[in-house]
Amino acid sequence: MCWNTFISQTSWFRISLIPDQWTGCCSLLLHSVSVFTLSVHNLVTDNVSVVEGETAIISCRVKNNDDSVIQLLNPNRQTIYFRDMRPLKDARFQLVNFSDNELRVSLSNVSLSDEGRYVCQLYTDPPQEAYADVTVLIPPGNPIIEARDDVLNEGNETEMTCSAISSKPAANIRWMKGNKELPGKPKVELSYDRMYTVTSRLTFTVSREDDGVPLRCIIDHPAVKDFQAQKYLEVQCKYWSWTRTNKTTTPRVRPLECPTSTLWYRLDSTRPFCVSITKKDLESGT
């Protein structure tokens, strides 16, 4: 007689293969079944994101526990807590809560070296594991807006740059001119220490309406809120001077504020007449 054993999650079966005396083929015979039931545990945990220097909370939770031991391991699989005891000599780990259904531990003053996969382990047969990925967030340095041109002249194209330095993960940079969002061109660089520097370049054509308008570089990053740099634009506008003698129009550049009107006086008479030239006349060059 040849036989084999099949084991399922909830029971095992012995299967006999009986060879036929004429054909040599085996027929299958299922013997009596012995059934055993495993207790079902639900071991769960959560991924954690924490800003560098702050405190992370790691929780191992069990449903339907039958007094099995819960322990927490670090990414190197060293035991941090075994039940309510801490074998690891790192005082930054502290017990927050321990019961049959939960082991909750805090890790203070988190650094980048603490990042990795932590293991919740339940001492059953076989042991059960759940994994909590701890991600350390590092905010960028203060952003600064830099202008390519010292003077912004009406009608010219100009370029601004803004950088978010040494962050993790990489930041996203948005530009706002007044209430209007403008598209920038980002460049992302990764350094040897796993830090990201993002530089965004903004190009636009200057108009006289830009004078006094705030230009903002807004940094979007999970470690910071309301993080931005701001620069008020100062524009020099073009207008034309016009002399009565030759009636020529000559473009000249003068700082704002651009005149809204100009008064011309005739000085070769005891009773000079006055001519008013409006902003529309100045813009059209008439």
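The model is predicted, so local features need pLDDT of at least 70 and side-chain atom pairs count only at pLDDT 80 or more, while totals for chains, interfaces and linings use all residues. Residues are numbered from 1 along each chain as its sequence is written, and side-chain values use heavy atoms, with hydrogens and water left out.

Start at strand S11, residues 102-107. Strands here are DSSP runs of E with at least two residues, numbered from the N terminus. Five of the six residues of S11 are buried, where buried means under 20% relative accessible area, exposed over 50%, and partly exposed in between (1.4 Å probe, protein chains only). S11 pairs with strand S7 (residues 56-63) in the antiparallel sense over six bridges; two strands pair if DSSP finds at least two bridges between them. Strand S10 (residues 93-98) also runs antiparallel to S11, joined by five bridges. S10 and S11 form a hairpin, with three residues between them.

Next come the aromatic rings. Rings of Phe, Tyr and Trp (its six-membered ring) pair if their centres lie within 6.5 Å; planes under 30 degrees apart count as stacked, over 60 as edge-to-face and the rest as tilted. By this rule there is one aromatic pair. The rings of Phe82 and Tyr123 have centres 5.9 Å apart and planes at 80°, so the pair is edge-to-face. Because Phe82 lies in strand S9 (residues 79-82) and Tyr123 in the loop between strands S12 (116-122) and S13 (128-137), the pair ties together parts that are 41 residues apart in sequence. Phe82 is partly exposed at 27% relative accessible area, and Tyr123 is partly exposed at 44%.

Strand S12 also holds Gln121, which is buried, with a relative accessible area of 10%. The Gln121 side chain makes polar contacts with the side chains of Gln71 at 2.6 Å and Glu129 at 2.8 Å. A polar contact is a pair of N or O atoms within 3.5 Å; within protein, one must be able to donate a hydrogen and the other to accept it, and residues adjacent in sequence count only if both atoms are side-chain atoms.

Finally, Ser49 lies in strand S6 (residues 48-51) and is exposed, with a relative accessible area of 56%. Ser49 and Asp133 are 84 residues apart in sequence and 8.3 Å apart in space, C-alpha to C-alpha.

Definitions and conventions: Helices (H or I, at least four residues) and strands (E, at least two) are DSSP runs, numbered from the N terminus.
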